[in-house]
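Visitor: I would like to learn how to read the strands, the core and the loops of a model. Please show me the model and take me through it.

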Amino acid sequence: MQLLLWARQHFSNVGNIVDISIAQGRVVVVGDTHGQLADFCWLLRSHGPPTLENVYLINGDVDVFNLLPLATRVNSEVLVLHGGLSRTNSATLAQISAIDRRRPIPVAPVNAEDMLFFDLMWADPRAVDGVGLSAVRGAGCATFGPDITRRFCEINRLRMVIRSHEVPKSLSGVQVQHAGRLVTIFSASSSNLDTTLTSSTISWSPGTAHRSMEEDDT
Ligand SMILES: [Mn+2]
């Protein structure tokens with residue numbers, strides 16, 4: 001409870017986009033864990049305890065979701081956000097920074113700011129160019145194609161976008177799309193009679209390419 005209160009206080013004073021710079025050590029991005037403590041314990045065991053040089057970026061839904069920043073920019077070149085890019089097609093980091101986020105996420109967005117807010121939370125990538133509505137999710141959730149990702153990266157001088165929220169079709173916990181500019185990371189494992197979903201993370205160290213890691217690696 002104290003932790004939640006501290007988090008509420010802390011995140012109330014943080015901007016929509018948090019810049020972090022990893023000069024030494026690494027950053028480990030964790031996707032949705034769906035409250036599965038065993039997965040989170042596995043992550044900590046695999047990657048080590050959080051320190052100033054072993055930074056965890058939790059990109060999944062958590063208890064103080066409504067207060068969290070909307071995105072994190074790592075080393076000025078990678079943007080990490082929960083859902084996806086906006087159907088409005090030309091969103092800038094300045095527009096994301098200008099969103100009034102200290103309110104419930106709009107249920108039925110009608111103006112550009114609300115659509116941007118909504119899509120950052122709930123949009124999914126698709127294989128073909130353009131934007132559309134998700135037949136799978138319903139509820140007005142949008143989809144965005146590789147042209148949207150490419151344009152967003154160009155406008156905002158980004159190398160790539162990391163998102164979570166969606167179970168990768170490969171069930172490996174990580175999926176690379178849109179010519180390598182968009183990576184989905186999902187960290188909640190599951191197994192049933194039909195499928196086994198592996199928990200994954202992605203991490204960077206300065207000067208090295210990113211590295212994804214699956215539970216089976218350990
Ligand atoms: Mn989610």
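Visitor: Which residue stands opposite valine 78 in strand 9?

Guide: Methionine 160 stands there. This is a predicted model, where local features need pLDDT of at least 70, side-chain atom pairs count only at pLDDT 80 or more, and totals for chains, interfaces and linings use all residues. Residues are numbered from 1 along each chain as its sequence is written. Strands (E, at least two residues) and helices (H or I, at least four) are DSSP runs, numbered from the N terminus. Two strands pair if DSSP finds at least two bridges between them. Here strand 5 (residues 78-81) pairs with strand 9 (residues 160-163) in the parallel sense, over 3 bridges. Within that pair, leucine 79 lies opposite valine 161.

Visitor: Which residue of strand 11 stands opposite valine 161?

Guide: Leucine 182 does. Strand 9 and strand 11 (residues 182-185) run parallel and are joined by 3 bridges. Strand 11 also pairs with strand 10 (residues 174-177), in the antiparallel sense, over 4 bridges. There valine 174 has isoleucine 185 as its bridge partner. The hairpin of strand 10 and strand 11 has 4 residues between the strands, and histidine 178 takes a positive phi near 50° in it.

Visitor: What is the order of the strands in this open sheet of 6 strands?

Guide: The order is 1-4-5-9-11-10, with mixed pairing. Strand 1 (17-20) and strand 10 are the edge strands, each pairing on one side only. Neighbouring strands are turned by 20° against each other on average, direction ignored. The angles are taken between axes, which are lines fitted to C-alpha atoms (for helices over the stretch in contact), and run from 0 to 180 degrees between N-to-C directions.

Visitor: What is the order in the open sheet of 3 strands?

Guide: That order is 6-8-7, and the pairing is again mixed. Strand 6 (124-125) and strand 7 (131-133) each have a single partner strand, so one side of each is left without a neighbour in the sheet. Strand 6 runs parallel to strand 8 (residues 142-144), joined by 2 bridges. Aspartate 124 stands opposite threonine 143 in that pairing.

Visitor: How do I read a nonpolar core?

Guide: In soluble globular proteins, nonpolar side chains tend to be buried together. A core is a set of buried Ala, Val, Leu, Ile, Met, Phe, Trp, Tyr and Cys residues joined through C-beta atoms within 7 Å. Buried means 20 or more other C-beta atoms within 10 Å, exposed means 12 or fewer, and partly exposed lies in between, with C-beta atoms placed from the backbone. The largest nonpolar core here has 36 residues, and those with the most contacts inside it include Val29, Val80, Leu85 and Val161. Helix 4 gives the most to this core, with 5 residues.

Visitor: Which elements do the buried residues of helix 4 pack against?

Guide: They pack against strand 4, strand 5, helix 3 (93-97) and strand 8. Among the buried residues of helix 4 are Leu116, Phe117 and Trp122.

Visitor: Where is aspartate 129 found?

Guide: Aspartate 129 is in the loop between strand 6 and strand 7. It counts as partly exposed because it has 13 C-beta neighbours inside 10 Å. Its C-alpha atom is separated by 4.2 Å from that of glycine 145, 16 residues apart along the chain. Leaving aside neighbours within four places in sequence, aspartate 129 is in contact (C-beta atoms, placed from the backbone, within 7 Å) with Gly145, Pro146 and Asp147.

How values were computed:
Two residues are in contact if their C-beta atoms, placed from the backbone, lie within 7 Å.
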